[in-house]
Amino acid sequence: MYYCVHMTSHPLLRRLSLGLGLAVAGPLQGCGGADSGTPRGGFGGGSFAGSGGMSTVSPPPPDGPGGPGGSGGLGVGIEPPPTGPATNDCGGYALQAEPRTEPGNVVVLFDQSWTMGEIWSDPATGVSGPKHFVAGDALIKAIAPLQHQISAGAIFFPTVPAPGVFDLCPAGVAPLGGPGQIPLSQGGTFVTMWGQHFAPPWTTVLGTPLNKALHEASAALLNPPAGKTVVVIFTDGHWTCQDNTEVPTVANLHSRGIETYVVGLPGAYGITQLDDLAR
């Protein structure tokens with residue numbers, strides 16, 4: 001779904017999945033009982049990782065119907081202890097497991113068109129500045145705590161400016177890893193390169209060729225890296241010179257298991273079209 005949000009809430013990273021799981025090293029048993037509403041030995045119907053949360057994930061609570069998140073529980077066939085009454089006393093239950101984090105990959109499509117230089121004050125924090133700064137700062141603050149767990153890259157669009165306001169179609173986009181872009185890198189390296197990208201003499205660019213940015217993302221992810229891979233689009237407006245390949249490109253990414261998310265910044269328009277790109 002298309003989002004128009006306060007950037008400080010970091011919705012994108014909460015929605016993405018790192019594929020957290022449990023490497024079971026011994027008997028796995030829950031703590032249900034007569035008073036909890038959960039069968040003894042079961043964790044209920046809650047989701048261990050929710051609907052795909054990249055933020056801190058906690059295991060299901062010992063009591064209650066389920067863990068944090070939506071449907072799709074832990075799904076482990078758990079047998080109760082061979083002896084002992086079914087009570088809420090979990091002292092005799094053993095959870096011998098260790099967390100295993102699979103790699104996650106984020107490809108950011110970031111609008112650096114001229115309107116991204118407009119000033120925006122975030123009502124949630126009072127932080128003010130150009131939209132590209134406020135949005136980028138929120139993105140980096142969300143990625144920084146996870147920098148050892150994810151890889152990230154960025155396709156800024158456009159990287160080749162349009163010749164004028166009445167001729168926006170020629171605005172171009174370099175491939176991921178090309179001039180002016182950030183290749184898929186370890187999270188800490190990405191954070192450093194992000195800051196370097198916006199250092200002077202960086203400036204906004206004329207044009208919003210989101211269609212071309214999507215093409216480059218699709219081409220770069222023909223052979224996705226290991227782990228969950230997602231594309232996250234930041235833009236404050238409708239793209240210019242759409243060629244009707246935008247939705248099919250997103251559908252093709254989705255068919256390869258790559259989800260797309262759209263963060264609409266203040267001033268965004270063309271909401272219906274943006275919503276079509278969030279899958």
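User: Happy to look at this one with you! What does the accessible surface of the chain come to, and what share belongs to carbon and sulfur atoms?
Analyst: The accessible surface of the chain comes to about 12600 Å². This value is computed from a predicted model. The share of that surface belonging to carbon and sulfur atoms is 58%.

User: Thanks! What percentage of the residues in the chain is buried?
Analyst: The chain has 279 residues, folded with 6 helices and 10 strands. Among contacts with a separation of 6 or more, 77% come from residues 24 or more positions apart. The buried residues make up 46%.

User: Let's turn to a helix. How far apart are the end C-alpha atoms of α2, and what span should its residues give?
Analyst: Helix α2 covers residues 131-143, which is 13 residues. At 1.5 Å a residue, the helix should span 18 Å. The two values agree, because the end C-alpha atoms are 18 Å apart.

User: How many residues of α2 are buried?
Analyst: Helix α2 is mostly covered. Its buried residues include H132, V134, A135, L139 and I143. Out of 13 residues in α2, the number buried is 10.

User: Now the aromatics, please. How are the rings of F110 and F234 arranged: stacked, edge-to-face or tilted?
Analyst: The structure holds 9 aromatic pairs. In the pair of F110 and F234, the ring centres are 5.6 Å apart and the planes stand at 40°. An angle under 30 degrees would count as stacked and one over 60 as edge-to-face, so this pair is tilted.

User: Where do F190 and W194 lie?
Analyst: The rings of F190 and W194 have centres 5.6 Å apart and planes at 45°, so this pair is tilted. F190 is buried at 0% relative accessibility, and W194 counts as buried at 5%. The two residues are 4 residues apart, about one turn of the helix.

User: Good to know! Which residues do ring pairs link into a cluster?
Analyst: F110 is in contact with several aromatic residues beyond its sequence neighbours, including F156, W194, F198 and F234. Ring pairs link a cluster made of F110, F156, F190, W194, F198, W202 and F234.

User: One last stop: what distance separates the C-alpha atoms of G264 and L274?
Analyst: G264 sits in strand β10, residues 259-264, and is buried with a relative accessible area of 0%. Along the chain, G264 and L274 are 10 residues apart. Their C-alpha atoms are separated by 8.1 Å.

Note on methods: Residues are numbered from 1 along each chain as its sequence is written. This is a predicted model: local features need pLDDT of at least 70, side-chain atom pairs count only at pLDDT 80 or more; totals for chains, interfaces and linings use all residues. Side-chain values use heavy atoms; hydrogens and water are left out. Buried means under 20% relative accessible area, exposed over 50%, partly exposed in between (1.4 Å probe, protein chains only). Contact means heavy atoms within 4.5 Å. Accessible areas come from the Shrake-Rupley method with a 1.4 Å probe; for residues, only the protein chains shown count as cover. The expected span of a helix is 1.5 Å times one less than its number of residues. Rings of Phe, Tyr and Trp (its six-membered ring) pair if their centres lie within 6.5 Å; planes under 30 degrees apart count as stacked, over 60 as edge-to-face and the rest as tilted. Lists of a residue's contacts leave out its neighbours within four places in sequence.
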